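Here's a walk through two ligand sites, one chain and a contact between chains. Have the viewer open as you read.

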Amino acid sequence: MTILIIAEHDHHQLKAATRSVITAALVFKEDVHLLVAGQGVEAIAKSAAAVQGVARVLVVDDPAYAHHLPENLAPLVVAIAVDYSAVLAAASSFGKDLLPRVAALLDVAMVSEVTRIVDPNTFVRPLYAGNLNATLQSAERIKLLTVRVSSFEAAIDGGNAAIETLPATADAGLSNWISTEIQPLDRPELATARVVVSGGRALGSAEQFQQVLAPLAARLNAALGATRAAVDAGYAPNDWQVGQTGSVVAPELYIAVGISGAVQHIAGMKESKVIVAINHDPDAPIFQWADYGLVADLFDAVKELEQGLQ
Amino acid sequence: MKIVVAVKRVVDPNIHVRPRADGADVDIVGVKMVINPFDEIAVEEALRLREAGIASEVVAVAVGTTQSQEVLRHTLAMGVDRALLIETETMPQSLATAKLLRVVVEREQPRLILIGKQAIDDDAAEVGQMLAALLNVGQGTFASRLELTSEQVVVTREIEGGQQQVLLPLPAVVTTDLRLNEPRYVKLPNLMMAKKKPIEVLKAADLNVDIAPRLTLLQVAEPAVRAPGIKVSSVQELIIKLREQTKVVS
Ligand SMILES: Cc1cc2nc3c(=O)[nH]c(=O)nc-3n(C[C@H](O)[C@H](O)[C@H](O)COP(=O)(O)OP(=O)(O)OC[C@H]3O[C@@H](n4cnc5c(N)ncnc54)[C@H](O)[C@@H]3O)c2cc1C
Ligand SMILES: Nc1ncnc2c1ncn2[C@@H]1O[C@H](COP(=O)(O)O)[C@@H](O)[C@H]1O
């Protein structure tokens, strides 16, 4: 049997998240096929075929998939999935939207946010904001998994998979796309950045958030992240939230600035390789997670850090 | 227009849960339980839609043991019109929950079904999408804003890097994200009054739904602890450490 991965793309490029899913899928020791659905996805299919570990790329090109609507994609995945032993996608807003819908249509249970594939039937996933890890066994005929991207390395180029075109399923007529607004960034994207600089409530305003953190992020080629408190206060956009209910990141370096270290925030960054915390309260819980803690006023320290790195 | 809201009873987010001594499950004996925060947001949204005259009735539904009546009381105190418990022996898994909720939706025939984005115990984010699939209706997941009319709902969804808007004909399922609203504070007199209100109870066993668990929990364990770090005394020392310890700082 074979593993099916639902590729994620924005019609310009294959998302790095999908590369991590490919690495996760290799644990099954079976052939890996990648489904690329969209409108005008020839180039995406070609780049998918070049990723190491992919045996075949299945292409479905149709206006019904132009906006990745789960109502249209789920019947397609269901039609294809019957021949596969497992279907995987990234635990991103795309994968989390789609795969539970597929699971219900197939009448199988799914396992979300898998951080480790122990064997083809056994999976580890976090519970309770990552305070606990559950090991689950599934006897379902098809294993449906979303994979936590930060837990698996991204597969690199070097493959040469065959590309096969498959027919589309009809537009389900249950949803209509209106608009997608993606803020253009001159920085790496949060989920896969090698360095993340995150700010908390202590930044005090949207202006200060930018003024204080953006130069440091630019210096380190880092993505910016935030706590829920900072987002709720309007200092940072929603999708910058790191944590249990935001993005989960595991960069080489995570710098937490003016962040107390609530479990819900820790859940989203504790797998980072090196964690730095800057906080003026020596008892802040964030210091229990930091490899390097600096007790200081953030407004002085961040500037000094940025200048010191020149 | 009728709105059905699904609410789950979960461990209070401020509590640090631990595994049971035998590692077979989570130890939640005697722990403080609350309504799942995302579901409180869903209830709040439904109430605001009723207060705006767009919805006429709000029905809260919980699946779980008889103790889940507590969270239904909370929704009654917030102001829902009716509360319904689908009583089970233990907390069912996601797919079974979706199947049970489907029975209620088919009976109540709401135009909008509001579900939390995720339950903060299992952190699964599955039930809403599964329910939408079983009902064969559209889904607007991770909603930070919704505009409802009698025929359709326009949902603003939180996605990586920005947001997306979709239009769903009704009926539809919407799952609520943190930024949708800030739930109202429940006043004590309302809580006292809610104690007297009836809660309808349906036994899951009578509903002819397969709710047997599909996944076997083998083990629950605490993650490996991080090696303790150090405090540096200055920014200069921090920079030296970073240059030694990571390639990303030059
Ligand atoms: C259901 C639920 C889900 C949640 N999901 C998330 C999530 O996904 N992500 C998330 O982040 N949170 C989440 N939270 C919120 C979380 O519980 C905390 O409230 C939040 O993380 C706190 O953010 P903060 O650290 O910015 O603010 P605070 O806790 O207020 O901390 C601010 C810190 O800044 C320090 N400080 C202040 N001034 C300075 C200064 N001048 N210099 C240096 N340090 C300074 C203070 O000492 C303090 O430690 C969730 C909560 C719930 C209930
Ligand atoms: N036992 C339950 N009873 C009622 N609603 C539930 C239950 N479990 C999950 N839900 C709903 O489904 C949402 C997502 O849950 P989950 O898929 O478990 O993360 C929750 O926020 C609730 O709205």
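## Ligand 2

A backbone N or O atom of A119(B) lies 2.7 Å from an oxygen atom of ligand 2, a polar contact in the sense used here (a pair of N or O atoms within 3.5 Å; within protein, one must be able to donate a hydrogen and the other to accept it, and residues adjacent in sequence count only if both atoms are side-chain atoms). From D39(B), a polar side-chain atom sits 2.4 Å from an oxygen atom of ligand 2, and a polar backbone atom of G116(B) is 2.8 Å from an oxygen atom of ligand 2. On its own, ligand 2 has 480 Å² of accessible area, and the protein covers 99% of that. Areas like this come from the Shrake-Rupley method with a 1.4 Å probe, and for residues only the protein chains shown count as cover.

This is a predicted model, where local features need pLDDT of at least 70 and side-chain atom pairs count only at pLDDT 80 or more, while totals for chains, interfaces and linings use all residues; side-chain values use heavy atoms, with hydrogens and water left out. Residues are numbered from 1 along each chain as its sequence is written, and chains are lettered from A and ligands numbered from 1 in the order in which they are written.

(Ala, Val, Leu, Ile, Met, Phe, Trp, Tyr, Cys and Pro count as nonpolar, Asp, Glu, Lys and Arg as charged, and the others, Gly among them, as polar.)

Helices (H or I, at least four residues) and strands (E, at least two) are DSSP runs, numbered from the N terminus.

## Ligand 1

Now for ligand 1: its site is shared between chains, because residues from both A and B surround it. Of the 28 residues there, R201(A), T227(A), Q241(A), T245(A) and S260(A) come nearest. The shell is made up of 11 nonpolar, 13 polar and four charged residues, and α6 (228-232), α7 (263-266) and α8 (298-308) of chain A each supply at least two of its residues.

R201(A) has a polar side-chain atom 2.6 Å from an oxygen atom of ligand 1, and so does S260(A), also at 2.6 Å. V242(A) uses a polar backbone atom, 2.8 Å from a nitrogen atom of ligand 1. The protein covers 82% of the 990 Å² of accessible area that ligand 1 has on its own.

## Chain B and helix α2

Chain B has six helices and 15 strands, and its C-alpha atoms fill a box of roughly 65 × 45 × 40 Å along the principal axes. Of its 250 residues, 54% are buried, meaning under 20% relative accessible area (1.4 Å probe, protein chains only).

Helix α2 (residues 69-78) of chain B is largely enclosed by the rest of the structure, because seven of its 10 residues are buried. Among them are V71(B), L72(B) and L76(B). Just after α2(B), G79(B) takes a positive phi of about 130°.

## A contact between chains

Where does E140(A) lie? It's in the loop between β8 (132-138) and β9 (143-147) of chain A. E140(A) counts as buried, at 9% relative accessibility, and its side chain joins that of R214(B) through a polar contact of 2.9 Å.

Technical notes
A residue is near a molecule or strand if one of its heavy atoms lies within 4 Å of it. Buried means under 20% relative accessible area, exposed over 50%, partly exposed in between (1.4 Å probe, protein chains only).
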